[in-house]
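Let's take a walk through this structure together, strand by strand. Keep the picture open while you read, and try to find each spot as it comes up.

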Amino acid sequence: MTACGGQPNGPASGTTGEYDAMIGKTIAYAGFRAHALYEKSGIPAELGSLERSQWLDPEAIAELQNRRLRALLDHIKRHNPHYGRFWAEHGADPDTVRTTADLVKLPVLTREHIQHHWRDMISSSPPENEIILDHTGGSSGKPLRFAMDRRRYFSRMASAYRHDRWSGWDFGVRTAYIWGHPAAFRVQPSWRTRLRRRLFEPYIGLDSSNITVESMLGFHATLTRYRPRVLVAYANSIYMFARFLQERRLPPLPPLAGIITSAEVLGDEKRRVIEACFGAPVFDRYGSRETSVIASECEARQGMHVCSEHLVVEIQKGGAPAQPGEYGHFLVTDLSNLGLPLIRYRNEDLGLPVQGACPCGRGLARIGMAAGRQTDFLVTPEGQLISGVALATYLTGHAPGIVQAQIVQEVPQELVLRLVAGEGYGPRTEEFFAQQIPKFVSDRMTWRIELVERIDPLPSGKHAYCISKVDPASVF
Ligand SMILES: [Zn+2]
């Protein structure tokens with residue numbers, strides 16, 4: 001692969017460099033283990049267990065899930081009266097749920113339900129001082145409060161470490177985050193945890209909530225100086241940064257082992273641009289604050305492996321499991337959060353099931369990469385879902401004179417193209433739309449252009465390429 005600026009990236013490191021890196025990882029991990037012992041987090045044991053269980057065959061993983069599910073339901077029966085009432089109201093009997101296939105017997109848990117009842121949903125055991133409260137940022141407009149027990153807090157971290165390792169990350173490996181508002185970095189609750197990260201998981205954070213030419217020149221200078229081996233970024237932010245580097249033909253960045261993209265829909269076009277620019281593979285990730293890393297790509301990059309030891313992800317369409325190639329709603333069950341159990345939680349994201357075995361040999365279930373927020377999808381009058389992000393990305397990349405684009409859909413029949421016009425914008429741009437847009441959308445849809453000065457990112461720092469107010473569930 002060649003990097004931005006047309007220069008090929010040099011080899012990642014020589015033999016001495018590899019040896020130094022290995023020693024660095026070993027020392028950092030030894031330090032991390034010692035700290036974990038002090039903190040009594042149990043992370044090293046959990047991480048070791050996850051490193052082994054990922055290679056189990058699907059049947060053995062299903063057995064592990066079923067065991068954990070039964071233990072969770074037993075815990076709920078003894079310590080969580082809210083679920084007892086909720087299920088009874090829906091005429092569901094948890095005693096008949098013995099395997100993950102039986103989950104369909106239980107009602108779906110909506111965001112609204114958690115928003116109204118989160119306090120009541122906290123179990124009476126573990127004790128209150130072991131319950132960690134958290135909330136989502138509310139990029140979809142509705143913040144959500146939830147909680148987890150201390151043990152789950154640490155097992156989530158172990159899960160993230162395992163998935164990060166698939167991308168070339170490890171303890172002691174320098175990582176740069178191109179992420180949202182600096183507030184998003186404040187996810188660690190204690191100074192001890194922050195100190196641990198500084199010592200054993202060295203990283204820098206680059207604020208992507210306000211991307212300008214100056215800030216991107218700053219990113220380039222910082223990354224050149226810091227020499228990270230792994231980048232973690234919002235898909236759209238790193239895509240924009242890659243395009244910027246290409247346009248400016250800036251010197252290539254020091255070689256990367258991998259790039260983890262998350263929080264936004266990636267898509268093939270963006271992946272191609274990012275990989276060509278940075279000369280490193282992209283590993284897409286799907287996570288949520290409520291349930292941590294849900295799934296991510298392995299080196300085969302043929303769908304995302306679910307963190308199946310702790311999570312069951314059902315994909316539901318019209319009340320039944322979605323078929324391969326079909327979009328459906330995610331229903332996530334967290335098998336290990338005893339503090340505030342989430343059973344069949346509909347998190348309002350959409351995805352596809354992926355069948356068959358992964359060439360990597362891991363037995364973890366896989367889901368499709370098109371997972372994204374509901375609002376990313378345009379809904380046609382015929383009831384088809386179209387990736388609005390892909391369309392906006394395509395228009396921005398190809399139409400003459402477009403600096404930024406955002407597609408807004410209020411009703412199924414009409415799209416509003418909010419555009420920031422640049423040099424070269426004119427009749428040729430509109431001609432381009434007339435030719436290209438019908439290739440993406442239904443011929444029963446019209447569009448109109450709204451020229452704007454700027455398109456602000458969301459409060460979370462994410463760039464909203466597409467805002468559809470038409471509920472895709474109307475399709476199901
Ligand atoms: Zn795999």
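**Starting with a pair of strands**

M304 stands opposite I367, a residue of β15. This is a predicted model, in which local features need a pLDDT of at least 70 and side-chain atom pairs count only at pLDDT 80 or more, while totals for chains, interfaces and linings use all residues. To find your way around, note that residues are numbered from 1 along each chain as its sequence is written.

What are β9 and β15? They are strands made of residues 304–306 and residues 366–367, and they pair in the antiparallel sense over two bridges. A strand here is a DSSP run of E with at least two residues, numbered from the N terminus, and two strands pair if DSSP finds at least two bridges between them.

Now zoom out. β9 and β15 belong to an open sheet of nine strands, in the order β4-β3-β5-β6-β7-β8-β9-β15-β14, with mixed pairing. At its edges sit β4 (203–207) and β14 (353–354), each pairing on one side only.

Next, have a look at a loop. Q323 lies between β11 (320–321) and β12 (328–334). Is Q323 buried or exposed? Q323 counts as exposed because it has 12 C-beta neighbours inside 10 Å. The cut-offs go like this: a residue is buried if 20 or more other C-beta atoms lie within 10 Å of its own, exposed if 12 or fewer, and partly exposed in between, with C-beta atoms placed from the backbone. From C-alpha to C-alpha, Q323 is 9.3 Å from Q355 in space, and the two are 32 residues apart in sequence.

You can follow the pairing residue by residue: Q404 has V420 of β20 as its bridge partner, and A405 stands opposite L419 in β20.

What about β19 and β22? Three bridges join β19 to β22 (residues 466–468), and these two run parallel. Here V408 stands opposite I467 in β22.

Definitions and conventions. Helix = DSSP H or I, 4+ residues; strand = E, 2+ residues; numbered from the N terminus.
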